[in-house]
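Subject: Structure for your review

Dear colleague,

Please find below the structure that I am handing over to you. My notes on what was found in it follow directly after it.

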Amino acid sequence: MRTAWLTEFLFLGLWVGLAGLVWLLFGGAFGWWLAVALAITGLRHIRQMQRLEGWLRSGRQSQPPQSWGVWGEVFEHYYRLQRRYAKRKKRLARVIREFRESTAAMPDGTLVLDADWRITWFNSASVRLLGLAGNRDLGQPVTSLLRAPAFDAYMRSGDFGRPVDVASPTQLGHTLSVRIVPYGRGQYLMLVRDITRIQRLQNMRRDFVANASHELRSPLTVLGGYLEHLAEDEAVPEIWDGPLQEMQVQCTRMATLVNDLLELSRLETDSPGEPDEQPVPVPDLVRRIVADAEAQAGGERTIEVDLDESLGLAGIENELYSAFSNLVFNAVRYTDRGGRIRVRWYRDRDGTARFCVVDDGIGIDARHLPFITQRFYRVDPSRSRSQGGTGLGLAIVKHVLQRHDSRLTVESEPGEGSEFCCVFPAHRTRGLIDAEGAA
Ligand code: ADP
């Protein structure tokens, strides 16, 4: 038993013993003497409670009252707890102060929002970027201060994995990138960055590539024309046959590259267009692509086709043609002679529509997979070039699919083959009316 409790029981025992002694000396009813002894110990507890209450009321700074027994322990424990709490509070206040000072110094806007998206704090950069004012805007829902349909949709979606771009409410022609970071219990950190300069640089790069490609097109056409003419000209000595043929191949390669660059910059620049009025007849489209691919494969690779004739798609036909043909031609390019390629168009069990190209070609090592949709990324540049690849095919596929709310999945095993699938959401699928006829 702890000393404090022992003292307490000894004190009680002393008074009960005293009551017994008095009863022996003076006689009378023992019960009365016992009651007096218990009342005295009870009075001590009431007095200590009064001291505790007085001390708590006086504030935390003062020293605790001095006492002994269990009450001494109670005062001591409580005092220690208070000191620990005060220290922790001080530390927390310092962390918050430091956090606020650092975020206040940040050039990016930082806002703290509560569960109802009301602003509870913001730094000075937010004043500049969003035109907020302290007294007026604290406690206001951020959606009523930053009015932009894209931002509204972003907040309502609850998907804060990526930032959203919105027009600046304070500076005309400026663009802000807004990102929400959930933290704690139903709290949000809102980060706002002015990305106008980056966007201008990106636009400049895009325009430069588009203009350069455009300018290269005409001279290439002229060169190609002359080379064709020279190759057919009887007067040209035979010794030139080889070099002329090589020049034609390189000219065609450059023309393909320029066309791919132009297509990519168009996909990047134009906003996603409205889907064609009629659903895209994917089975017909795939058959056309496969016929071209078979012509290129020269019967050295088998292409199997498995198409759901009744399944169409809400989309843009020429963009889908470009994406699908890139995948089919890649399968031909990276499959050796005698290889098998399977092209499928079907509705999956989850309602999505899938266009898949499976080959048993050279495959891709897993470490390359995250990068193959980047422009000019090639696993084996010499094979790609020798097969007429531009290094832009999968970048085009990725952009086309983004414009169709869709995604590309890739599974591959070196030496075993690859499977590239375009996954279209269920809301984009359409039934084709002349299904029987087409079949
Ligand atoms: P490229 O014009 O070089 O084919 P892509 O952007 O179409 O460019 O593809 C990028 C790279 O991905 C290719 O260079 C190739 O290494 C790899 N790749 C694409 N498709 C396949 C495939 N079906 N099998 C193996 N590798 C592939």
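Arg 44 is buried, because its relative accessibility is 9% and the cut-off for buried is under 20%. Please bear in mind that this is a predicted model. The side chain of Arg 44 meets that of Glu 8 in a salt bridge, with 2.9 Å from N to O. Because Glu 8 belongs to helix 1 and Arg 44 to helix 2, this pair ties together parts of the chain that are 36 residues apart in sequence. Glu 8 is likewise a buried residue, at a relative accessible area of 10%.

Salt bridges

The count of salt bridges comes to 22. Besides the pair already described, two others may be of interest to you.

Glu 304 forms a salt bridge with Arg 342, and their closest N and O atoms are 4.0 Å apart. Glu 304 is found in strand 6 (residues 302-307) and Arg 342 in strand 8 (residues 340-347), so parts that are 38 residues apart in sequence are tied together by this pair. Glu 304 is partly exposed, with a relative accessible area of 28%, and Arg 342 is partly exposed as well, with 35%. Both residues also belong to a network of salt bridges that links Glu 304, Asp 306, Arg 340, Arg 342 and Arg 344.

The other pair is Arg 428 and Asp 405, whose side chains meet in a salt bridge at 3.0 Å, N to O. Distant parts of the chain are linked here: Arg 428 sits in the loop between strand 11 (417-424) and strand 12 (429-431), Asp 405 sits in the loop between helix 13 (393-402) and strand 10 (407-413), and the two are 23 residues apart. Is Arg 428 buried or exposed? With a relative accessibility of 11%, Arg 428 counts as buried, whereas Asp 405 is partly exposed at 45%.

Cavity

How many cavities of 30 Å³ or more are there? The count comes to one. The largest cavity holds about 50 Å³ of space. It is lined by Arg 205, Arg 206, Val 209, Leu 261, Leu 264, Ser 265, Glu 268 and Arg 375. Helix 8 (196-232) and helix 9 (241-269) each contribute at least two residues to the lining, with the largest share, four residues, coming from helix 9.

Trp 240

Trp 240 is placed in the loop between helix 8 and helix 9. At 43% relative accessibility, Trp 240 counts as partly exposed. Trp 240 is 82 residues from Gly 158 in sequence, and their C-alpha atoms are 66 Å apart in space.

With kind regards

Key:
Residues are numbered from 1 along each chain as its sequence is written. This is a predicted model: local features need pLDDT of at least 70, side-chain atom pairs count only at pLDDT 80 or more; totals for chains, interfaces and linings use all residues. Side-chain values use heavy atoms; hydrogens and water are left out. On a 1 Å grid over the protein atoms alone, a cavity is a set of points where a 1.4 Å probe fits but cannot get out, and a pocket is an open set with protein on both sides within 12 Å along at least five of seven lines; lining residues have an atom within 4 Å of a point. Grid points are joined across faces, edges and corners, and a volume is the space filled by probe spheres set on the points. Buried means under 20% relative accessible area, exposed over 50%, partly exposed in between (1.4 Å probe, protein chains only).
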